Amino acid sequence: MVAIKFPRSALTAAAAVLVLGAGLVAGTDTTADDAYAAGSTPAATSPAPAKPAASPVGALFADGSHFCTASVVHSAAGNVVLTAAHCVKDGMTFAPGYRDGVAPLGRWTVTSVAVADGWTSSADPDLDFAFLTVRQDGNPASLESLTGANTLGTNRGFEHRITLTGYPDTTDSPVVCEGNTTRSDTYQLRVACPGFPDGTSGGPWVTDGAVIGVIGGYQLGGDTPDVSYSAYFDDDIAKLYASVTG
């Protein structure tokens, strides 16, 4: 009997991609842990719409629906987003802070994609990560200036307390879980967090303001919604980030 495994994303990498690369440092206090905190409070004497929640985590869209998750990673230009390589598809847009069907900061067009050579040649699960460069027509502000960003954490070891966020295909709001990571394989992390089905691929694993993984890797992130995997972030992703950010 042949076992059929369904990836977290309804899509696999198919488009021709740019091979570029990873790094560190950040200049913001916003993290995924406070991603959905409320914005400014309207004055009691002069009602006004609440400020949209600033969040570095959002949903990736293509063909009219969201299919994966991504998050803003600190960069000098403020326009870099991190997701899983198996999420890469033509015509992607990113909606940071997407919730209840509303994109408070609109959609940001993906203008370039960077994946590792080993993913392009053989879909190596240990290299299942991608950096996306984004822009929004008519908006001079950088994405990061609006959402905040996580730093990229590399070579941090395998055991951490993380916050995991993702957008299931079947809902228009994110699911969030706190869990403890363990080592699954030489270059794979594992976390037991319930309720992360298809669509949550690319969801960031955040600890102390640093993203140390994304749902992906082994079994394209896991073949059950209650256990997720990530490629280990080491020198490979650091080099990829460095080539993207200069």
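With -80 degrees about the S-S bond, the link between Cys68 and Cys87 is left-handed. Where do these two cysteines sit? Cys68 is in strand S2 (residues 65–73) and Cys87 is in the loop between strand S3 (80–83) and S4, so this pair ties together parts that are 19 residues apart in sequence. Keep in mind as you look around that this is a predicted model. The sulfur atoms of Cys68 and Cys87 are placed 2.0 Å from each other.

How many disulfides does the structure hold? There are two, and if you count the bonded cysteines along the chain, they follow the pattern 1-2, 3-4. The other one to look up is the bond between Cys177 and Cys193, with 2.1 Å between the sulfur atoms. Here the torsion about the S-S bond is about -80 degrees, so this disulfide is left-handed. Cys177 belongs to strand S9 (residues 175–185), while Cys193 is in the loop between strand S10 (188–192) and strand S11 (204–207), so the bond ties together parts that are 16 residues apart in sequence. Cys177 has a relative accessible area of 12%, which is why it counts as buried. Cys193 is buried as well, at 0%.

While you are in that region, have a look at how S9 and S10 are connected. A hairpin takes the chain from S9 to S10 through two residues, and the two strands pair in the antiparallel sense over four bridges. Asp185 stands opposite Gln188 in S10. Which other strand does S10 pair with? That would be strand S13 (residues 227–231), again antiparallel, over five bridges. To find this pairing on screen, pick Arg190: its bridge partner in S13 is Tyr229.

Six strands close into a barrel, in the order S1-S2-S3-S6-S5-S4, with antiparallel pairing. On average, neighbouring strands of this sheet are turned by 45 degrees against each other, direction ignored. Strand S1 (residues 57–62) and S4 run antiparallel and are joined by four bridges. In this pairing, Gly58 stands opposite Pro96 in S4. Packed on the sheet you will find helix H3 (residues 235–245), which touches S2, S3, strand S5 (108–115) and strand S6 (130–135). The direction of H3 makes about 20 degrees with that of S6.

Is Thr93 buried or exposed? Its relative accessibility is 17%, and the cut-off for buried is under 20%, so Thr93 counts as buried. What surrounds it? Leaving aside neighbours within four places in sequence, Thr93 is in contact with Ala59, Leu60 and Phe61, as well as with Arg107, Trp108, Thr109 and Val110. Strand S1 covers residues 57–62, so that is where to look for Ala59, Leu60 and Phe61, each a contact of Thr93. S5 covers residues 108–115, so look there for Trp108, Thr109 and Val110.

Technical notes. Residues numbered from 1 in each chain as written. Predicted model: local features only at pLDDT ≥ 70, side-chain atom pairs only at ≥ 80, totals over all residues. Heavy atoms only, no water. Buried < 20%, exposed > 50% of the residue type's maximum accessible area, 1.4 Å probe, protein only. Contact = heavy atoms within 4.5 Å. Disulfide = S-S within 2.5 Å. Pairing = 2+ DSSP bridges. Axes fitted to C-alpha atoms, helices over the stretch in contact; angles between N-to-C directions.
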